[in-house]
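My plan is to look things up one at a time and jot down what I find.

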Amino acid sequence: MNVFYNKEHVGDVLLVQLATEAIVKTEVERAGDIAILIEAQTGEIKAFNLFNASKYIQVEAQGNVEITPEFVAQLEAAIKNNGATISLDVDFSPKFVVGYVETKEKHPNADKLSICTVNVGEETLQIVCGAPNVDAGQKVVVAKIGAVMPSGMLIKEGNLRGVDSFGMLCSARELAIPNAPSEKGILVLPEDAVVGSAFETPSR
């Protein structure tokens, strides 16, 4: 689940995305202050908008909203108060984590891409990376599927030149770290960084 709120530019509306896939054909149902966006073919709820959001939820964000148990409880109460039936399946695990690059191989179909296997603690991910400085043995910042970058970009499962990729290795600039170097390349972390631990971006 990803949530966006910007009262100044959008109004007092909370935009809630429940699925990363694009909606092919949308049907909209209204329940009080909630507009529910439904995939017409499957009937699956893909997103919803909560109007007059400040009546229901305390939110200070101007952009991406941090998903906490307290926030989800307020959102569930708002859904119930408006008579809507929406199930919130929320993953509270960190989406920016320290990863360890176990292997790096040349991409068979692209000279500037590498295929990396990256240990992120509870699992090992295959990630295609275009950074010139990536190498096996590094500790790096991994944006997992579902992460929202400081730029607002949502990280999704991808396929680069025929190879599946499940996340992104991040540069300092992509993480909006102050005084990030202008040169291309991922952020390499110190050796004492703990694999699988959360990495907090400055904007969060």
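**Ground rules.** I note first that two strands pair if DSSP finds at least two bridges between them. Helices (H or I, at least four residues) and strands (E, at least two) are DSSP runs, numbered from the N terminus. I am working with a predicted model, where local features need pLDDT of at least 70 and side-chain atom pairs count only at pLDDT 80 or more, while totals for chains, interfaces and linings use all residues. Residues are numbered from 1 along each chain as its sequence is written, and side-chain values use heavy atoms, with hydrogens and water left out.

**The sheet.** I looked up S1 and found that four bridges join it to strand S2 (residues 13–17), the two running antiparallel. Asparagine 2 has glutamine 17 of S2 opposite it. I then followed the whole sheet: it is open, has six strands in the order S3-S4-S5-S2-S1-S6, and pairs antiparallel. Which strands stand at the edges? They are strand S3 (26–31) and S6, and each has a single partner strand, so one side of each lacks a neighbour in the sheet.

**The largest pocket.** I wrote down the rule before the numbers. On a 1 Å grid over the protein atoms alone, a pocket is an open set of points where a 1.4 Å probe fits, with protein on both sides within 12 Å along at least five of seven lines; lining residues have an atom within 4 Å of a point. Grid points are joined across faces, edges and corners, and a volume is the space filled by probe spheres set on the points.

The largest pocket comes out at about 810 Å³. Its lining counts 32 residues, and those closest to the centre are Asn2, Ile67, Lys95, Gly146 and Val148. Strand S1 (2–5) and strand S6 (63–64) are the elements that give two or more residues to this lining.

I sorted the lining by class: 16 nonpolar, ten polar and six charged residues. Here Ala, Val, Leu, Ile, Met, Phe, Trp, Tyr, Cys and Pro count as nonpolar, Asp, Glu, Lys and Arg as charged, and the others, Gly among them, as polar.

**The second largest pocket.** This one holds about 520 Å³. I found 28 lining residues, with Ala131, Leu169, Ser171, Glu174 and Ile186 nearest the centre. Strand S9 (124–129), strand S11 (158–160) and strand S13 (168–169) each supply at least two of the lining residues.

**Salt bridges.** I counted five, using a side-chain nitrogen of Lys or Arg within 4 Å of a carboxyl oxygen of Asp or Glu. For accessibility, buried means under 20% relative accessible area, exposed over 50%, and partly exposed in between (1.4 Å probe, protein chains only).

Lysine 95 meets aspartate 91 at 3.1 Å, N to O. Is lysine 95 buried or exposed? Lysine 95 is buried at 17%, while aspartate 91 is partly exposed at 48%. Lysine 46 and glutamate 44 meet at 3.3 Å; lysine 46 is buried at 8% and glutamate 44 partly exposed at 37%. Lysine 106 and aspartate 111 form another, at 3.3 Å, with lysine 106 exposed at 55% and aspartate 111 exposed at 69%.
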